[in-house]
Amino acid sequence: NTDSFTLSGGTLSGAIDGGLTGANTLTAGNVANTWTINGANAGTVTGITGGFTNIANLNGGTGTDSFTLSGGTLSGAINGGIGSNSLTGDNVANTWTITGVDTGSVNGIGGGFTNIANLIGGNSNDDFMLAGGSLSGSVDGGAGGTNSLTASDVTNTWTVTGADAGTVTGISGGFANIGTLVGGSLNDSFTFSPGGILSGPI
C-alpha cells in the first residue's frame, strides 16, 4: 500500500522506511529543509536523524527547501512546496528540461520536479533547456563541465554580463557557469555588457 509521512512540527531520532510496496511520500516540516538523495528512493532530510528509505516522492514545506542528488535517484517526483526552493543535480552528465513555471525534469528523478525556482548543475556537463517553461529563480551550471543553456522558441533577449553569466528571457534570476548559449526558433538578440565573456559558442 501507499504510505504518506508528514513532519508537522515534530522530529524523529530514528528513520523512516516507507516499505517495499507503494509510491510512498514524505512531506517535510515548515522550516528551512536540506534534502540529500543518496540512494534509490533514499536519503536524508532535516528533522529525521536516521534518514529515509523506500520513499519515491518528496514534498517540501512552506520554508526554503534545498534538494541535492548525491548518488541517489527517485522513482517518483519532487515538489518543492512554497518558498524559493533549489535542486542540485548529481555529478553526472545531466539534461534539464523546464516545461512549466518552476517545473521540469532532470536525470535521476523519474517523475520530474515542481515548485523549484533555482537549478544547479553538478561537476559534469549540464544542458538546460527551456521548453515552454520558465524559472522564477536562476540557473547555475555548476563548477566543472561544459554547460549549455537553450532558450524557448520565443523572441529572446540575452545579455552576457560576466564570465559565463548573464540574463535571458524566461529565467528571472539569470544564469551563471553557462559557457554555451543556444537560441530558440524565433529571433534571439545577444548583447555583451562590459566584462561579459563566454568560454563556449553561441
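**View 1. The whole chain.** The secondary structure of the protein comes to zero helices and 22 strands, where helices (H or I, at least four residues) and strands (E, at least two) are DSSP runs numbered from the N terminus. This is a predicted model, in which local features need pLDDT of at least 70 and side-chain atom pairs count only at pLDDT 80 or more, while totals for chains, interfaces and linings use all residues. Residues are numbered from 1 along each chain as its sequence is written, and side-chain values use heavy atoms, with hydrogens and water left out. The C-alpha trace spans about 55 × 25 × 25 Å along its principal axes. The protein exposes about 8,500 Å², of which carbon and sulfur atoms supply 51%; accessible areas come from the Shrake-Rupley method with a 1.4 Å probe, and for residues only the protein chains shown count as cover. Among the contacts with a separation of 6 or more, 52% are between residues 24 or more positions apart, a contact being heavy atoms within 4.5 Å.

View 2. Strands of a sheet pair through backbone hydrogen bonds, either parallel or antiparallel. Strand S18 (residues 156-162) and strand S19 (residues 165-168) run antiparallel and are joined by four bridges, with Trp158 having Val168 in S19 as its bridge partner.

View 3. S4 is joined to S8 by five bridges in the parallel sense, and Ser66 in S8 is the bridge partner of Thr34. With strand S5 (residues 42-45), S4 pairs in the antiparallel sense over four bridges, and Ile37 stands opposite Gly43 in S5. The hairpin of S4 and S5 has two residues between the strands, and there Asn41 takes a positive phi near 55 degrees. Although Asn41 lies in the loop between S4 and S5, this residue is buried, with a relative accessible area of 17%. Leaving out residues up to four places away in sequence, Asn41 touches Phe52, Thr53, Asn54, Ile55, Ala56, Thr73, Leu74 and Ser75.

View 4. Five of the seven residues of S11 are buried, so S11 is largely enclosed by the rest of the structure. S11 and S15 run parallel and are joined by five bridges, with Leu130 in S15 as the bridge partner of Ile98. S11 and strand S12 (residues 103-105) run antiparallel over three bridges, and Thr97 has Ser105 in S12 as its bridge partner. These two strands form a hairpin with two residues between them, where Asp102 in the turn has a positive phi of about 55 degrees.

**View 5. The nonpolar core around Leu87.** The largest nonpolar core has 37 residues, and those with the most contacts inside it are Leu26, Leu58, Ile78, Leu87, Leu119 and Leu149; such a core is a set of buried Ala, Val, Leu, Ile, Met, Phe, Trp, Tyr and Cys residues joined through side-chain atoms within 4.5 Å. The elements giving two or more residues to this core include S4 (33-39), S6 (48-53) and S11 (94-100). Beyond its neighbours within four places in sequence, Leu87 is in contact with residues including Phe67, Ile78, Trp96, Val106 and Leu119.

**View 6. Gly80 and Ser86.** Gly80 is placed in the loop between strand S9 (78-79) and strand S10 (86-88), and is buried, with a relative accessible area of 0%. Residues up to four places away aside, Gly80 touches several residues, including Gly60, Gly61, Asp65 and Asn115. Ser86 is found in strand S10 and counts as buried at 12% relative accessibility.

Terms used:
Pairing = 2+ DSSP bridges. Buried < 20%, exposed > 50% of the residue type's maximum accessible area, 1.4 Å probe, protein only.
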